[in-house]
Amino acid sequence: MREALYLIDAPEVYVVPDFISEGYFTQEVIPRELELTGPTTHVHGKTIHYCDPVGIHPSMTSLILQRTKEVAPNVPQEQSTLFIVGHGTSLNKNSTKAIADQVALIKTLPECHFAEVLDTYMEEAPFIADWATLSDTPNAIVVPFFIADGLHSYQDIPVMLGFEKDEGQAASQKEVFRNNPYQLRGKTLYYSAAIGTEPMMADVILDQISTFDSNHVTLATPS
Amino acid sequence: MSLSQLLHDAIDSGVHQIGQIRILTQPFRLHHIDDVLSDELEVHTDPDDAREIGLYTESGRYRFTKGELSLKKGWIFHLKSIDEVHQALDLFYPASLGIWRALNQDTLRIQHLREKLSRQTGMYRFTQNISTKGAQELVQKVCGPSNQCVKRILWKIDEQTPLEPSEASEFNGILKDCHTNEAIPLLCQEACNYFVSETRKKVKEEFDASQS
């Protein structure tokens with residue numbers, strides 16, 4: 001990562017962690033490697049602004065709603081529950097905060113008409129494995145809150161939802177996102193790829209930079 | 001001077017190679033150094049394509065470090081400007097131009113192995129326990145063209161302890177006996193993350209050996 005500053009001529013740099021939440025890497029490893037001491041650091045002739053990770057930006061809500069329209073077009077929101085799935089761990093309460101915050105935000109949006117919006121987790125209650133009993137609606141739309149597709153979104157969550165077996169072909173070869181909808185446990189389930197694969201993520205990166213500029217006075221005032 | 005201008009001047013003065021890539025001018029073209037005589041190369045005009053080409057080896061294995069001596073063949077870039085050449089080269093060999101410029105300007109921040117390991121945290125914190133003998137062995141096991149790395153090592157074990165002479169420590173970052181004035185060397189200013197992860201294994205081996 002320390003090579004990154006040699007890539008550029010620009011004297012001013014914004015760093016946006018492509019991470020879904022705050023944690024060890026965003027709070028310790030990246031600052032350490034880039035020798036950052038605060039929101040703005042002057043180091044090795046450059047000014048570096050360290051933004052929040054993409055996953056905690058409020059505009060992630062737009063991506064989630066966009067993704068639900070893509071994965072379940074023409075499915076009435078009023079008859080659907082939106083499940084946002086995170087990893088969750090009993091070791092760190094902060095790991096679920098980003099998702100709980102997004103759920104709270106989505107519920108306040110005027111364009112959100114879902115019967116319910118629920119944060120659920122792989123390894124922490126409320127468990128995504130209990131999706132069928134967590135809501136009363138006939139439709140369920142499930143969006144994994146991860147930066148990239150991998151074992152969790154290809155295999156682990158599908159197994160917990162009940163439409164994939166914990167064996168068989170390589171996880172990356174499974175077409176779990178292309179076989180919607182699934183008829184399971186008396187409901188119709190729509191399953192999305194990881195939210196970080198949404199092309200609009202590029203806009204969230206830029207939003208995070210705008211937010212940084214709004215929250216910090218970064219420009220030198222001419223004397 | 002911008003990096004693109006630096007590259008432009010370097011090419012003007014006779015530089016035509018970096019890593020496993022040959023640079024041609026009028027018009028700008030890039031291809032694998034082992035594809036000189038091939039006339040069946042896939043033509044690319046978007047410098048961004050370099051990102052995909054550099055991801056996997058010929059056999060489809062992921063190249064976990066861009067300095068790996070495993071760039072696949074069979075492609076040629078036809079590019080419009082020096083900026084596009086710069087863009088493609090930075091995707092093949094990220095930051096290599098900037099690091100070369102910093103070395104020539106004496107502003108490169110070289111971090112010796114002990115410093116690099118002492119800044120590690122989490123599961124890599126214990127890498128700082130590696131013995132000097134173990135670190136020297138690891139350089140010869142992990143670095144250099146015989147181990148698929150094409151970078152010239154600039155760091156030592158620590159300020160007082162240079163690397164022992166070996167192919168890895170003596171490689172100059174330039175392939176195929178190209179003259180030093182005609183190539184941009186690939187440089188290693190601090191041990192890479194792969195080296196750190198291998199150090200972790202080595203430390204465990206040393207610990208296990210000390211317990212038996």
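This is a predicted model: local features need pLDDT of at least 70, side-chain atom pairs count only at pLDDT 80 or more; totals for chains, interfaces and linings use all residues.
Chain B splits into two domains. Domain 1 covers residues 3–103, and domain 2 covers residues 110–211. Their centres, taken over C-alpha atoms, lie 25 Å apart. Domain 1 of chain B gives 21 residues to the contact, and domain 2 of chain B gives 18 residues. On the domain 1 side, two elements of chain B each supply two or more residues: β1 (17–18) and α4 (96–104). The largest share, 5 residues, comes from α4(B). By class, this side of domain 1 of chain B has 11 nonpolar residues, 9 polar residues and 1 charged residue.

A helix pair in chain B was examined next. Helix α1 of chain B spans residues 3–12, and helix α3 of chain B spans residues 82–92. The two helices pack at an angle of about 100 degrees, and their axes are 9 Å apart. Angles of 65 to 115 degrees count as roughly perpendicular, so α1(B) is roughly perpendicular to α3(B). From α1(B), the contact is made by L3(B), S4(B), L7(B) and H8(B). From α3(B), I82(B), D83(B), V85(B) and H86(B) take part. By class, the contact of α1(B) with α3(B) has 4 nonpolar, 3 polar and 1 charged residues.

The two chains also touch. Chain A contributes 9 residues to this contact, and chain B contributes 12 residues. The side of chain A that touches chain B divides into 4 nonpolar and 5 charged residues, with no polar residues.

Note on methods
Residues are numbered from 1 along each chain as its sequence is written. Chains are lettered from A and ligands numbered from 1 in the order in which they are written. Domain bounds come from an automatic or database domain assignment. Two residues are in contact if their C-beta atoms, placed from the backbone, lie within 7 Å. Helices (H or I, at least four residues) and strands (E, at least two) are DSSP runs, numbered from the N terminus. Ala, Val, Leu, Ile, Met, Phe, Trp, Tyr, Cys and Pro count as nonpolar, Asp, Glu, Lys and Arg as charged, and the others, Gly among them, as polar. Axes are lines fitted to C-alpha atoms, for helices over the stretch in contact, and angles run from 0 to 180 degrees between N-to-C directions. Angles under 35 degrees count as roughly parallel, over 145 as roughly antiparallel, 65 to 115 as roughly perpendicular and the rest as oblique.
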